[in-house]
Amino acid sequence: MNERLNQNRETEDLFRLGQHYEGLNRFEDAIQEYRKSLGVEFKKDVLVRLIQLCRLIGENELIEECVLKGLKSIHEDDLYFRNILLNELEMAQGKIVLSTKVRSLTITLTNKCNLNCLDCEARRYAWEMPLQAIKEIIGLFPYLEYIMWQGGEVFLMDYFQDILEEARRYPDMKQLIVTNAMLLSEDVIEKLVRQPELVLAISVDGATKDIYEHIRRGAKFDRLIENIKLINLLRKRHNSNTRLHLNVTVMRSNYRQLLDFIEFAKEYGFYSVLLRPVQGNRDSGENIFIHQNGEEMRFIDGVIDELNARAGRYQIILDNRLPRLSTAPRENTSGDKKTKNTKLLCYAPWQRLYISWGGNVYPDCMCVWPHDKGIANITRDSLKAIWNNKDMQTYREKLVNNDYRDLCSQDCISGCVPERYLQFNK
């Protein structure tokens, strides 16, 4: 018994040291500590972290070694982990046609919403996910690492809570639900905090009552705060793993509240904050990022350092995707479009699918090619067929050949989107 406890302690110590090195961007040292940890005791989460870190720095030969070791250490019926390992191997080998299944889904269930937000353009279009597509999505639950549910407002859909009940059967599958939190009752929150791995992403575009209710028309700030406090109460009561994430769409009406959003997150128990620029909205005057050279951009540039400092001080993860005046494009690491890379700009086409309103499918929500129709449409094609269709193969081939300039969003290329998001399955 003591020997087992000592082994566990040694494994954890080595893993924590690896995490420490990783936090310092000393990736080679982190890899060595993770390998030592696995040498003491095999753990799936350590192996995945090691493989993903190898992928981040382009150590593909070591990935193959790790995958083979992992496959020997798990049961053949472990569909979830086998899919992860084999998918990592296919990425390391630069496969264009995949035998593995999608690992991450972002699902737009509906465009129906109980609000009429100032910046929202999607609700002008009627959309609801077809039942056949929902059945296929549920069929992928045994393989999925991550699924994100968004609308519209997902809690308008009567069947959504039934989907969540089914999801509880798969504790390895992490879920993120995007909501405005206006429709959350105590009964619904009770069900949410009992999910094995859940992030509740609450869209809050105003840190004060006046700005919030100006932007999120139809919402009540007092109701928002009441529900957040109830979520925190029930999280504590049930010792829940559910975490709160703050979504902020930055626009003319709220850009001066950037620091206030960090304070809001601290006060109400949010572990992370996403700041993203408003899209479209040229007619409303809310899009301050069109020209990127005005007073608004200078203000944003001026508070970035303090934003990062406060988030760090409060131990809040800040995912800041706002364009900056000083942002420099990521370099083309191969220098030659025809040369294959060991490290790619992005791995989304090997791991993810995003179903937008109208049923258009992309590898990720930031993908821009093809511009208007995606790589397919879920109302016409199955996810199984889409996963290896011609356009998905084109995405993979172009990224392998470092030929992504007509393929990828400028936000990804310029560095606005964190590299870890592009590289890891998150």
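Two strands are taken to pair if DSSP finds at least two bridges between them; strands (E, at least two residues) and helices (H or I, at least four) are DSSP runs numbered from the N terminus. The structure is a predicted model, in which local features need pLDDT of at least 70 and side-chain atom pairs count only at pLDDT 80 or more, whereas totals for chains, interfaces and linings use all residues. Residues are numbered from 1 along each chain as its sequence is written, and side-chain values use heavy atoms, with hydrogens and water left out.

Strand β3 (residues 174–179) pairs in the parallel sense with β4 (residues 198–203) over five bridges, and Gln175 stands opposite Leu198 in β4. The chain passes from β3 to β4 through helix α8 (residues 186–193) in a right-handed β-α-β crossover (clockwise from the first strand over the helix to the second, with the strands pointing away from the viewer). Strand β2 (residues 146–150) also runs parallel to β3, joined by four bridges, and Met148 is placed opposite Leu176. Five of the six residues of β3 are buried (under 20% relative accessible area, with exposed over 50% and partly exposed in between; 1.4 Å probe, protein chains only).

Aromatic rings of Phe, Tyr and Trp (its six-membered ring) pair if their centres lie within 6.5 Å; planes under 30 degrees apart count as stacked, over 60 as edge-to-face and the rest as tilted. By this rule there are 14 aromatic pairs. The ring centres of Phe221 and Phe264 lie 6.5 Å apart with planes at 55 degrees, so this pair is tilted. Phe221 belongs to helix α10 (residues 221–237) and Phe264 to helix α11 (residues 258–267), 43 residues apart.
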